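This report covers selected local features of one model. Please have the sequence and coordinates open while reading.

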Amino acid sequence: MNVSFAAQLNSVLAALILLTAFGLLAQRRIYGLLHIFALQGFFLSVSTAVVGYSAGLHHLYISALLTLTLKVIVLPYILYVLIHRLRIHKEVEEVVNIPTTMLIGIALVIYSYHLTAPIRELSDFITRSTLAVALATVMLGLLMMIIRKKAVTQIIGFLALENGLFFAATSATYGMPLVVELGVALDILIAAFIFGIFFFQIRTTFDTLDLKAMEKLKEEE
Amino acid sequence: MLTQSPLELAIAAILILLATAAIAPVLSRRQNLLISFSFITSAVASLIAVFAGYAAVTGGGVESLVLPIGLPDLPFYLRFDPLSGFFVTIVALLGFMVSIYSIGYVKAFVGHRSVTRLVVFYCLFMAGMLLVLLSDDAYFFMVSWELMAVSSYFLVCFEDDQAQNRRAAFLYLLIAHIGAVLILLSFGLMAGFAKGFENFSGYTFSAMRDSHIPEGWAAVAFFMAFFGFAAKAGVVPLHAWLPEAHPVAPSNVSALMSGVMLKTAVYGIIRVGFDLLHSSDWRWGGVVLIFGLVSAVMGILYALLQNDLKRLLAYSSVENIGIILVCVGLAMIFKSFGMGLLASLALMAGLYHCLNHAMFKGLLFMGAGAVLHATHERNMEGMGGLVHKLKWTAPLFLVGCLSISGLPPFNGFVSEWLTFQSFLLSPALPSPLLNLLIPLGAALVALTGALAARCFIKVYGVTFLGHWRGEHDTVVHEAPWPMRIGMLLAAASCLALGIFPTFVIGWLDIIPETLLAAKISTSASASGWLWLTPVAAERASYSAPIIFIGILVIFATVYLVFHSRTTSVRRAPLWDCGFGKITNRMQYNSTSFSMPTRRIYGFLFNIKETVKYGSNQYLPMLNNRILYHLRVRDRLWQMCYQPFSDASFWLARRVGKLQHGRIQIYLLYSFLTLIVLLVFS
Amino acid sequence: MTKDIYPILIESLQVVTVLVASPLLVGWIRVLKCWSQGRSSAGVFQPFRDISKLFIKETVLAENASWIFRATPYIVFGATVMAGAIIPVISVDLPLSATADIIALVALFAIARFFLALAGMDIGTAFGGMGSSREMMVSSLAEPAMLMSIFTVSLVNSSTSLSQMALVLTSNPIVLRPSLAFALLAFVLIALAENGRIPVDNPATHLELTMIHEAMILEYSGRHLALLEWANMMKLFLFAAIGIACFFPWGIALKDNIGMLPAAFILLAFKLALIGVFIVVAETVLAKMRIFRVPEFLGSAFLFATLGMLSYFILE
């Protein structure tokens, strides 16, 4: 596998990650969201491995493995169990309709491309072109958190955002130091548990996981 | 005749038109004679102007003249260059066809109302449009612009016995004048920076051309001119007058207004943007492009929701002006990055579309006039099945529909194709952001094209096809010969412009050459006249003649093969699914055809749909009467116009309090004013 | 002498291929479908029998059908055969291929659709109008996506001429391009919609409220119907051919290379067989969607095409 092929493969993977980010925005069913999320994690881990191979940085293999176990297996499993236990309504509700969301998404991709243009000029990594995709993934994750109503989908949006950050780190600087990555991974895992506990609490308090119910928490005038 | 120079010919044409306008009142007793005489002379004048315009473009030179009339120190400057020549050709060509058409069309008014006014203002209107294109100083330009605007105002309110018509005409006059003020201010700004501002010679276009305006002021001047002309061209959101004025004007006038008057505004934008102001920023082009795209998409969506045939055509003019502006905007963007060849390709697409739109929209409005003439109906819901009765109008109108929908081998497709080609070349721009954004514009243009096809299938299908949808059977009669000839000429030119684009482009190429110093004809017809290859043959090519002949040959072959056989053709009643008689109310009509559009793009409009069930008293299970009511309103009207109109009414009521009707009070006002003035002097 | 005859020869070979192979492709799809559903099939030649039967049968015209209704089958057939003479199917060295680039080809199909929709309106039944209205809705939504897809492909090949695209792709080393993959995805969705396949329209149904294409041609019979059916089969074949030329042209005969023709034929048959398998799998797996879900379906096609365009600039 030569370097140019690795670069091509990496850009294909970047395109797939972007596609899954849009898929998360468009998907209506909550289990479908989980599958797309797992797929995104898988692409991310393969991409990390490819970058690690082509740049000769072997600690990226560990990151890739970590991503694979955590984001493709463990987190989706936890969320699956959560959704199952909580008996969450399967249709995802969104605030903005899907075509508009897609158009906003396209605008965000163009904007991130515009933003990363100066960095692209400076960098000479083979991964420099994927930085825009990484930034776009972050923004799309944030967009997903904004437009969705249910708490679980917001978690998935948050995790997608984290995927984007991870991808950005890989493409801009060939990954963060291993210690940081391990720390982040642990954080995510713990966050998922805490979210789970919160969900149970929210549901026992409000009898729903719809975040609209939280609007009651403001002070009455 | 050919010894005269193009400018002299054009002036002769204008003089004939003005003379006709002057003579017309004399003949007002003999209405039929008046119509034949004046429209024949205006057709002759138009023909002369066509030759003049053609010669001016072919010759490629610049000819100017100073007429020592007008105000002291402000003579009229005239100038005839290829750009003016091209637009004169458009105006005069459609003017020629419409004048012939009018001989038949206007006769329908005889006996109902006097047509003297129509004839006089028709001639003045034509002359005004030609003068706008010839004028070479701001003062003369504005005089001609007003002549055009005011005479068209009188034409719009020709049938002034209906309040709706007067209202439409007033709205038209109002928006036209807001535009005119902006144009005037823009000219003032440019003149202010020109040499010789003190002794009035700064008002000439040549002085403006030579002046150097600072970047910021140039932008202000450009945008004032752009929005001023946009008001005339009907660019969204300044389009509100267009769907009101075009339907109420007589159809020959709507053909001219929509087909060519809007083009004078495009001419103005090109003249100011490419000729008078040199500096250009890509953002100017970007703004023009965005306004063009919005007009194109909104125009065609509005058109789709209309049931009034002429109103629909008016909205479709908004769309086409949008497409022309898209091309102009692209050309400005390419120009600002110094890409002359691509800029001239985009400009060529825009100019070609100007010519095409004049032809097919003129044809469609003339066809709408013929339908109106035949059925006395403008609402498409009350028409249908006219294809059996109007043996001439129906196929000619179909040609118009095919052309405007951008289908080969007709002319609309050529300009659409050129537009797409210039879009497809946008990746050559050095700006990464534009590279990503401009393709989205191309997608919108594609959407517009597809919606236009949908819209004109609706127009044709509902108006001409199916069964008669009206309540009563009316006697439908075909249009008289002059009207047929007018439409026939327009239809023939639609086909000719579609099949021989290389000749037209070769003829027009002088315009981008003078404005942008780049020509495309060397590459566009590099592989012979049969092939249109805008950049290079490997890049893209299109051969309209071969497609036309190919389809004809296959059509003929298949037809002949099957007609050598002896399988029979039998006429039978419609298949009614075994339910008994099919009534004409069961067919799709205009409202039902556009239902998917309302559903998908409904959020852009203010739509109110109510369904009432008038239930049967004895059998509540059977709803024997269902009333459906639909109201579609322009959301932009409420956003952009309503506040202004409310504010001005409020202000008017306040000011109205000054009015009492007592003469003493009025005298007191005058007296007080006098005293105040004396104090301050 | 052979030099002069060669263009005519290859052009006629092409047209004959299109005319003959398109019913075969449809027959193949039907056979596969029968197998997948456990039925016994009528064989790949059944479409030929259907068409020839229709040609012999009497033509029944509605009483108020106008000349538009009668001319439409010929125009549709003419435009489709014309498109078939332009799209490079077996060789890039096609004399007529310069007649129209892909944008003009789309417009050629648009002529056919325009007249079909008019014919649907002509007889004045509710079905005809419904079919026309829906067909135009689908096509107006497909158009922006189609253009975007074309845009992406033309970015890669810097041409909109199909022969040129095939030539550029075959003569350069194979590169993994996410942009082309996205464009292909978009193109597949558009092609399914344009050809009235599941999930947008069901070509086999005459169920009243779900018809689109069939509703427009409901009143046709005899030789008119035969021409329309044949044209429709050709359209499916030609969309497949466009897809092959844009995305998988490898194996197509190159300029002045008669020796490649047999191999080109075999490869073409192989690719078409695969496309047939794909269509059958897709139609078995998917259900026909509600008509107002089609905007979302085509919206996703537009999204894919746009992502293709973006990823060309961002990633390549």
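## Cis peptide bonds

P199(C) sits in the loop between helix 7 (178–194) and helix 8 (213–216) of chain C; helices here (H or I, at least four residues) are DSSP runs, numbered from the N terminus. The peptide bond that joins I198(C) and P199(C) is cis, with omega about 15°. In chain B, the bond from V236(B) to P237(B) is also cis, and its omega is near 10°. P237(B) belongs to the loop between helix 8 (215–233) and helix 9 of chain B.

## Basis and confidence

The model is predicted: local features need pLDDT of at least 70, side-chain atom pairs count only at pLDDT 80 or more, and totals for chains, interfaces and linings use all residues. Residues are numbered from 1 along each chain as its sequence is written, chains are lettered from A and ligands numbered from 1 in the order in which they are written, and side-chain values use heavy atoms, with hydrogens and water left out.

For chain A, the mean pLDDT (the predictor's confidence in each residue, from 0 to 100) is 83, and 90% of the residues reach 70 or more. Within chain A, helix 7 (residues 178–206) has the lowest confidence, at a mean of 76, and helix 2 (residues 30–55) the highest, at 91.

## Salt bridges

Over all chains, the whole structure holds 22 salt bridges, a salt bridge being a side-chain nitrogen of Lys or Arg within 4 Å of a carboxyl oxygen of Asp or Glu.

| Pair | N to O distance |
|---|---|
| R209(B) and D136(B) | 3.9 Å |
| R167(B) and E244(B) | 4.0 Å |
| K33(C) and E283(C) | 2.4 Å |

K33(C) lies in helix 1 (residues 2–36) of chain C and E283(C) in helix 10 (residues 261–285) of chain C, so this pair ties together parts that are 250 residues apart in sequence. K33(C) and E283(C) are both buried, where buried means under 20% relative accessible area, exposed over 50%, and partly exposed in between (1.4 Å probe, protein chains only).

R167(B) and E244(B) form a salt bridge that links helix 6 (residues 163–193) of chain B with helix 9 (residues 242–248) of chain B, 77 residues apart.

The salt bridge of R209(B) and D136(B) connects helix 7 (residues 205–210) of chain B with the loop between helix 4 (116–134) and helix 5 (138–156) of chain B, so parts that are 73 residues apart in sequence are tied together. R209(B) is buried at 12% relative accessibility, and D136(B) is buried at 6%. Both also belong to a network of salt bridges that links R79(B), D81(B), D136(B), R209(B), R271(B) and D275(B).

## A buried lysine without a partner

K361(B) is located in helix 13 (residues 340–375) of chain B. K361(B) is buried but has no salt bridge, and E319(B), the nearest side chain of opposite charge, is 6.4 Å away; Lys and Arg count as positive and Asp and Glu as negative, while His and the chain ends are not counted. Leaving aside residues up to four places away in sequence, K361(B) touches S258(B), L313(B), S316(B), S317(B), N320(B) and I404(B), with contact meaning heavy atoms within 4.5 Å.

## Positive phi

H376(B), in the loop between helix 13 and helix 14 (393–404) of chain B, is a residue other than glycine with a positive phi, near 55°. H376(B) is exposed, with a relative accessible area of 66%.

Note on methods. Helix = DSSP H or I, 4+ residues; strand = E, 2+ residues; numbered from the N terminus.
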